[in-house]
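Work through the exercises below with the structure open. Try each task before reading its solution.

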Amino acid sequence: MSAARSSRTVRSSAHADAPAHATAHPSHSTAARPPQGAASRTAPGISNASGTTGTTRRALFGLAGALGAVGLSACATSGAPGADADGSDGGSGAAAGTSPENPFGVAGGELKAFVFDGGGGVPYLDLTEQLLEEKHPDLAADVVRTEDLSTLQPQFVNGTPPDLFQNSGAGALDITSLTANGQLASLEDLMAAPSWDDPTVTVEESLNPGVREAGTVDGTLVGLNTVQYAWALWHDAALLEEKGWQPPTTWDELMSLSAEIKAEGIFPFAFTGQHANYPDEGILQPLVAKIGGQEVWQSIDNLEEGAWQQDAVREAAEALLQLRTDQLILPGVAQMTHVQSQTAWLNHEAVFIPVGAWLENEMKSAIPEGFRMTAAALPSPDPALADLTPNNPGAGWFVPEGAANKPAALEFLRVLLSRESSRNYAELSNSVTMVAGAHDDQQLSEPFTTLTEMIERSNAVEPWQAVKYPTWYPAMAEETRAALIALLLDDLDVDGFLTRCQKAADRTAADDAIAKQTR
Amino acid sequence: MHLRGRWWLILTFITPGLVLYSVFVLSSFAQGVQISFTNWTGYTPTLEYVGLDNYVRMARDGAWWRAVSHNAALLVIVPVVTLGLALLLATLITRGGSGTLRAVRGAGAYRVLFFFPQVVPVVIIGIMFSYVYASRGGLLDGLLRLVGTDVLSVVPNGPLGNPRTILLAIALAAVWSSVGFYMVLFLSAMSGVPQELYEAAALDGAGRLRSFAHVTLPLIWSHAQTALIYLAIGTLDSYALVAVMSMTGTAADSGADVMSTYLYRTAFSFNSQFGYASAMGTVMMLGSVALALVTFRLTKREELEY
């Protein structure tokens, strides 16, 4: 287990901050990557430094070499073969006509795909590959499982990107920049194509709400996010039953139950203080939305003036401050990683913990006998919105604009969204996919069932709209999340929190170097 | 004729090294400087020059100056404490025995023991110290419990969760990891000091402290100078340890964010600002060179022959 994990493990446009993917492998450590990583990719033969060889100067260069940080920025910027190709030839060797049976005109050839592998080997793709190759015997799919997607970066620089990649992990590529550079293909054709299982239904119609919103960057649909990264406030149903506590649905119930829990000598809440996105996405985001509606986040995303000073944010901050002042949070969470906080929670040191849908899979080997992991939406001050929970689609797939075999890439994604693939995925990773109804009668585990039910109830209230500013303006999110941790665990008060967040937003709005987006 | 023959020989030996160094070190530096004048995102084959924009941005970036101040704090703490401890330990080992002239008993064992952290990779040291500071089952917590308190009572939120202590906590790990290496360096330097000088000093009535200050230190000064520069440049970087122990600088309200971790996030987390990150790298490189020059100047002493 790694002690360090980037709080921004996924840089897909869809879902900035869920753990990289839903296998139990928490070691996506940005920290372990040496800063010289990029230096090894330097294109050879471009030594243009003049040969100053005075003894002292050479010695100093040697000393500076120990620093190694400048080498970080040295990537292949020399003109490389194919560097001028803008990839408009997507579809070479795939000139077959399109038909409802073969909507993208796949004509064989090779499909080169890169997939993030957190250590589990991504077994669920075996079936997808098999289904694809059964239908297109001329097509050879080469799906490379890799721990570090950043090795694709020079391929983009060279203009020879792969056909398809699944963007997760510490080395995930920056989708915002790739989209801005026009290096990612639109997925509109995929969404409009007939679905794998039922030709009368398009791919888009076969999916749960949110896929389009999650995959759209600056107006273009570039990402296909296939996994439901819902956030829940998890508890152990067995513990609650044993103590005779009712699972709370309103904020007041949660607070009065918390007082009872505290009296029992247990702490009501735990979360990781090292990955500030957990309390943000798991508590602050739903709480604000439940108080003031999801429009509050929309205005924050759009950097509207005084957006952080809205009453809903203030009320939510006051409620969170109370968690600190009433000492409802497990002491020591500030320096706990996600796994450490989840372990403490599994040991009943705390009753509730905000984590995403991947919790069961991540902690599989540590769940004690008789523990009944249960997902529930964050209790709500407004009972009408009690079931609403952030359920952002994640684990985004992307097709580069310069892909050599774009039809095959799109066809692969169409297969991936088949019922068979989805159910296979759920079986192997205990996670819910975005394919509508695929898991309805699938009995896997109790946590899985509570999760699917929670998502269904949430969708019945209204579709969750992902909060975008952490992906659009990551430096601003770093600041607002630091403020959130200071509010929850350190000494920041409500006014201080709102001021810090508003300042970060104002700074972002005023900075011309940052490309602005709206929704 | 002789000279020509020698030139060939010299070139044969120099060329491979020079070529490798130029390709893998110098060209990277040159490219880094070049990229620092662009708004490159790291994905395109073309560069768009923006003049000094990145440097102007850096001068106005509060987060950058916070990182610089953390580096400055580390530059004060780490070299002073590390070298002080290394000198102390080396002296104790060589001259800590009975009388003032003999090595302490078991000197060989201490040598191995203190050097040991040097063979542990920095990343492992970072992870290990995260556990030392942990509030559950951590070594520090265990020790404090022996005296009736615990780590969270002494440091709210824990050493690595508290913005006011995280930098110091990491600095301690840095000191622990490198003290052994410099101790061995000083030990070897001290073994080169002729024994007669100590005997003479002892005859003149010099105690341990005096013979350290007036015999040992002047004679190993060039080693101390080298050590100081190495350590200072290493501290200016500090990437690995800080990254591992503070979530690449973000933990505890960025209380331990240093230039290199901020640079990393700028390039890899903040929408691929490779141009801006390269400008930071360039400044760090110039800073290291300047630091080395200044240290050379300030610590310059007359060479002593012995």
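The exercises that follow concern a predicted model.

**Exercise 1.** Describe the make-up and extent of chain B.

Solution. Start with the secondary structure. Chain B has 15 helices and zero strands. Next, take the extent along the principal axes. The C-alpha atoms of chain B fill a box of roughly 80 × 70 × 30 Å. Then check burial. Of the 306 residues in chain B, 46% are buried. Last, look at the contacts in chain B with a separation of 6 or more. Residues 24 or more positions apart account for 67% of them.

**Exercise 2.** Work out how helices α14 and α15 of chain B are arranged.

Solution. Two packed helices are described by the angle and the distance between their axes. Locate the pair: α14(B) covers residues 259-268 and α15(B) covers residues 274-298. Their axes come within 8 Å and cross at roughly 160 degrees. Angles over 145 degrees count as roughly antiparallel, so α14(B) is roughly antiparallel to α15(B). The crossing is left-handed.

Now list the contact. From α14(B) come Met259(B), Leu263(B), Thr266(B) and Ala267(B). From α15(B) come Phe274(B), Tyr276(B), Ala277(B), Met280(B), Gly281(B) and Met284(B). Sort these residues by type: eight are nonpolar, two are polar and none is charged.

**Exercise 3.** Is strand β1 of chain A largely enclosed or open, and which strand is paired with it?

Solution. Find β1(A) at residues 109-116. Six of its eight residues are buried, so β1(A) is largely enclosed by the rest of the structure. Then turn to the pairing. β1(A) pairs with β2(A), residues 139-146, in the parallel sense over eight bridges. Take one position: the bridge partner of Val115(A) in β2(A) is Arg145(A).

How values were computed:
Residues are numbered from 1 along each chain as its sequence is written. Chains are lettered from A and ligands numbered from 1 in the order in which they are written. This is a predicted model: local features need pLDDT of at least 70, side-chain atom pairs count only at pLDDT 80 or more; totals for chains, interfaces and linings use all residues. Axes are lines fitted to C-alpha atoms, for helices over the stretch in contact, and angles run from 0 to 180 degrees between N-to-C directions. Helices (H or I, at least four residues) and strands (E, at least two) are DSSP runs, numbered from the N terminus. Angles under 35 degrees count as roughly parallel, over 145 as roughly antiparallel, 65 to 115 as roughly perpendicular and the rest as oblique. A crossing is left-handed if the near helix is turned anticlockwise from the far one by less than a right angle, and right-handed if clockwise. Two residues are in contact if their C-beta atoms, placed from the backbone, lie within 7 Å. Ala, Val, Leu, Ile, Met, Phe, Trp, Tyr, Cys and Pro count as nonpolar, Asp, Glu, Lys and Arg as charged, and the others, Gly among them, as polar. A residue is buried if 20 or more other C-beta atoms lie within 10 Å of its own, exposed if 12 or fewer, and partly exposed in between; C-beta atoms are placed from the backbone. Two strands pair if DSSP finds at least two bridges between them.
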